[in-house]
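Biologist: Hi! Could you walk me through this one?
Modeller: Happy to, here it comes.
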Amino acid sequence: MERIIIHSDLNNFYASVERLLNPDLNGVPVAVCGSREERHGIVLAKCEQAKKRGVKTGDTIWQAQKKCPGLVIVPPHFDTYIKYSMKVRAIYARYTDLIESYGIDECWLDVSHSTLLFPAFGGEKYTEKDGVKYYSEEFLRHLGDVIRNTVKSELGITVSCGVSFNKVYAKLGSDLKKPDGTSVISAAYYKNVIFGLPVEDLLFVGKATCRKLNDMGFSTIGRLAAADDGLMYKTFGKVGRTLLKNARGEDSDPVRHMDDKREMKSIGNSCTYAEDVIDLHKIKRLLYVLSESVAARLRESGQGLADTVHLWVRDSALNDFSVQKKVRHTALCGEIAKHAFDLFQQSVKMPFKVRSLGVTVSGFDNGKSQLTLDETCGNYKKLEKVEKCVDEIRKKHGYDKLQRSIVAEDPNEMRNDVKSTHLIKPAKIDYPDND
């Protein structure tokens, strides 16, 4: 049976919530930004007006104000954003319990068996093409419109919906008509809509993968869909098959139940800084700040220990790269930060203008690894107990009340609780050449 998948994307979510909190912001360009005083003054989100004037996420405040004179800057209220996100998902739950989160402001919904949505449509639900029966585009658009209009009328937030027969195309569809629109990519006519789009519009195609595909002559999704299977496997390994499957509309990944917990493949955090960072010791400090968040989240996740540390770096010209190394299984901030800094020193020749940094761990053992006798008798267990105690103290008294000496050198970084203020959202990824 043909599936009906909706991808919902809350438009300019942070800025939309800020306007709900303060109606005086309606009609004026708004950007939600980090603290200027604590040197995290970059754009986290912006309204449609600011976006049309060229304001981008990651711009510094002065860059955004230069592009958009009269731009109103407001601080983030993450707790409130989470509350509104949950209110939106409660609306989705009226129609289906197959709701899979893709960050705080995006979800997939499988409404293939929705008893509430279907009866409300009074038109023709089906169409026929080449002797095959499909859901009609009018029916599919109606389903997306019901979701969109309900959220808008009850919460005052606009949503863009993509409606299709798989998750990849539904996600792509939600990007086609923003803000406050419904796009349909039907099983009958998907090639007409999809195949002429640039290949970078496809889910999980990052910049490096896009460049490689373009160099191979695959500039559109249609050209990628027609690529030779053997060539793609030779170039990208098993991931090449996934790229082909996604391009051809063959994605069969199910939408998870709202109570299911996704198996974690990695845990990471990144920060973009308001000014270039060129001091090596400061870079080391920033890596410790990020590693504090990563280690604490790893301990909370129940995934056990990690055996791989990844470092991501972006420079002032927005060129970026990532490197990784295998390590002994660990969940310690100190070890993660040391490995990340080693990777930086091995990969970067100073002076180097750092604009963004990211630290990620992967290769979880799910609690099954056995520490060696040396590790058991050595410092690992002691350090693990210390870091767990630090977690509890911070929960009770605040993040900045207990800090490592390298982080305490900068009062601003002492208060930079990345774990609490950075909401995680999967991003486009670049695949290795071979698996």
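Biologist: Which way does α4 pass α5, in a left-handed or right-handed crossing?
Modeller: α4 crosses α5 in a right-handed way; right-handed means the near helix is turned clockwise from the far one by less than a right angle, left-handed anticlockwise. This is a predicted model, where local features need pLDDT of at least 70, side-chain atom pairs count only at pLDDT 80 or more, and totals for chains, interfaces and linings use all residues. Residues are numbered from 1 along each chain as its sequence is written, and side-chain values use heavy atoms, with hydrogens and water left out.
Biologist: Thanks! What angle do α4 and α5 pack at?
Modeller: Helix α4 (residues 78-92) and helix α5 (residues 137-155) pack at about 135°, with axes 10 Å apart. Axes are fitted to C-alpha atoms, for helices over the stretch in contact, and angles run from 0 to 180 degrees between N-to-C directions. Helices are DSSP runs of H or I, at least four residues, and strands are runs of E, at least two, numbered from the N terminus.
Biologist: And which residues make the contact?
Modeller: K87, V88, I91 and Y92 come from α4, and I147, T150, V151, E154 and L155 from α5; contact means heavy atoms within 4.5 Å.
Biologist: Switching topic, what is the strand order in the open sheet of four strands?
Modeller: The order is β11-β14-β12-β13, with antiparallel pairing; two strands pair if DSSP finds at least two bridges between them.
Biologist: Which strands sit at the edges?
Modeller: β11 (266-277) and β13 (320-330), each pairing on one side only. The twist averages 15° from one strand to the next.
Biologist: How many bridges join β12 to β13?
Modeller: Eight, with β12 covering residues 306-315. L311 stands opposite V323 in β13.
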